[in-house]
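Please read the following note with the model open beside you, and check each point against it as you go. The points begin with the contact between two chains and then turn to single chains and residues.

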Amino acid sequence: MGPGVIEVFLQYWPMFLNGLLGTLKYAAIAVFFGSVLGALVAMCSLSKNKIIRFICSVYVNVLRGTPLLVQMYIAYFFVPLAFESLSFLAKEQCVILSLILNSSAYVSEIFRSGINAVDKGQTEAARSLGMTSVHCMQKIILPQAIKNILPALANEYIAMIKETSLAGTFMLYELMYTRTLLANKFLTWQPLFIIAAIYLLCTMVLSKLVGMMEKRLSVSD
Amino acid sequence: MTDKREVIIEVVDLHKYFGKLEVLKGINEKIYKGEVVSIIGPSGGGKSTFLRCLNLLEEPTKGKVFFKGEELSAKDTNLDKHRQKIGMVFQQFNVFPHLTVLDNITITPILEKKVPKAEAEAQAMKLLKTVGLEDKAKEYSRKLSGGQKQRLAIVRAMAMEPEVMLFDEPTSALDPEMVKGVLEVIERLTESGMTCIIVTHEMGFAKKASDRVIYIDGGVIAEEGTPEEVFDHPKNPRTAAFLSQVL
């Protein structure tokens, strides 16, 4: 059986800490760039143009309807092979890119539903006053939609923290990858429980924070 | 009979479908400058849809809408510019809840007419005084009562200096004790010479305040005339049946 969980943790905690920092970093990158891209996709999916809407729905459905692990394999093995012009991307960057694209599909739905949840009368009132559609979105709809969007976006970050564990498969240094590193030292089972505990602690603390944020946002209603 | 009055809104052969349902079945109408027109009729008859077609909140399926001779329903028309001149007040008020009372009024003039902020705010305060809301200027509009919200919505539209005002059942969502205050504001507006088109269930108000009454039923104008003609001597049996139920 080897040494116990606590012993392993005390000995190798800097490794787990680095792994955790990697996890938080990759999740942040994925959600941040995923939000930028997702906002764009959301705007397009609210467009009046049927073709643009169709393309968006294909994009969202494919990325949400296939496992992230499969998307990562495709990004890791296939994309650099198939597209010469993308060969400047390191393998690591391909994996991060797949995280971003995957996140963007979920975030675009968060934006879209957040915007749709704002009463249609708000748009009608703004447009009837002669406000342009861009100003209406900027000054009337988005400031109200943000209340629905922010908590959901934070939850997406929490989900992404768990999703990034798949990136360890491709040797990105995140929390799950510490298992591979320690398995080389014949520590096969202890790291799993340490990793699980760290994930659990992170998601619980962050969920609590989101709950508090939601409460504060609803107070201003 | 030639009519020398200026036509401000004209609709020609207006049809509107929602899916397969034909809500408006060919409406022709002219609204003259300074006129106060009430639109009455049963629910689902097409009154609100007709009103919402006048500023293209609903796009007509067929037919044309003109504002001061310009076709709003044309593809290349600058709708935003024209809508600045066509105020609208909604049943559900639709004040901007995330903005203060003052900002509700000033945001569109500042954004779209490039009115300097100080000037827009001075104008807004003047308007708020006319409806007794000047001491609410700094409050968030979501804190207002229904009646206050609707009075705010009216002056918000007025701040764009419109040439015609559309009212879509402005008192239907109000508590009974709030109705009077809002109707008084609208009545003052009609007396000031503003062209007003009012979809309403307040028959007493329609009779008293309007120059002309239009009865819409089944997607067509079933009857129109002066309040006396429509209310006291309806020619169409459907008008008579409707009035006997609501009066």
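1. Two salt bridges are found across the interface of chain A and chain B, where a salt bridge is a side-chain nitrogen of Lys or Arg within 4 Å of a carboxyl oxygen of Asp or Glu. Arg127(A) forms a salt bridge with Asp80(B), and the closest N and O atoms of this pair are 3.0 Å apart.

2. Before going further, please note that this is a predicted model, in which local features need pLDDT of at least 70 and side-chain atom pairs count only at pLDDT 80 or more, while totals for chains, interfaces and linings use all residues. Residues are numbered from 1 along each chain as its sequence is written, chains are lettered from A and ligands numbered from 1 in the order in which they are written, and side-chain values use heavy atoms, with hydrogens and water left out.

3. How many residues does the contact take from chain A and from chain B? Chain A gives 19 residues and chain B gives 23, with contact meaning heavy atoms within 4.5 Å. The area buried between the two chains is about 1,800 Å², of which carbon and sulfur atoms give 57%; buried area here is the accessible area (1.4 Å probe) that two parts lose on being put together, summed over both. Glu124(A), Ser128(A) and Leu129(A) supply 33% of the area that chain A buries against chain B, more than any other three residues.

4. Chain A has eight helices and zero strands, these being DSSP runs numbered from the N terminus (helices are H or I with at least four residues, strands are E with at least two). The C-alpha atoms of chain A fill a box of roughly 75 × 50 × 25 Å along the principal axes. Among contacts in this chain between residues at least 6 apart in sequence, 77% join residues at least 24 apart.

5. Of the 221 residues in chain A, 41% are buried, where buried means under 20% relative accessible area, exposed means over 50%, and partly exposed lies in between (1.4 Å probe, protein chains only). Met171(A) is in the loop between α6 (133–163) and α7 (177–183) of chain A, and Met171(A) is exposed, with a relative accessible area of 55%. The phi of Met171(A) is near 65°, a positive value in a residue other than glycine.

6. In chain B, is Asn94(B) buried or exposed? Asn94(B) is buried, with a relative accessible area of 6%, and its place is the loop between β6 (86–89) and α3 of chain B. Asn94(B), a residue other than glycine, has a positive phi, near 55°.

7. Helix α1 (residues 47–54) of chain B is mostly covered, since seven of its eight residues are buried, among them Phe50(B), Leu51(B) and Cys53(B), and also Lys47(B) and Arg52(B). After α1(B) comes Leu56(B), whose phi is positive, near 65°.

8. Ile110(B) belongs to helix α3 (residues 101–112) of chain B and counts as partly exposed, at 27% relative accessibility. Leaving aside residues up to four places away in sequence, Ile110(B) touches Val115(B), Lys117(B) and Ala120(B). Ile110(B) and Glu121(B) are eleven residues apart in sequence, and their C-alpha atoms are 9.5 Å apart in space.
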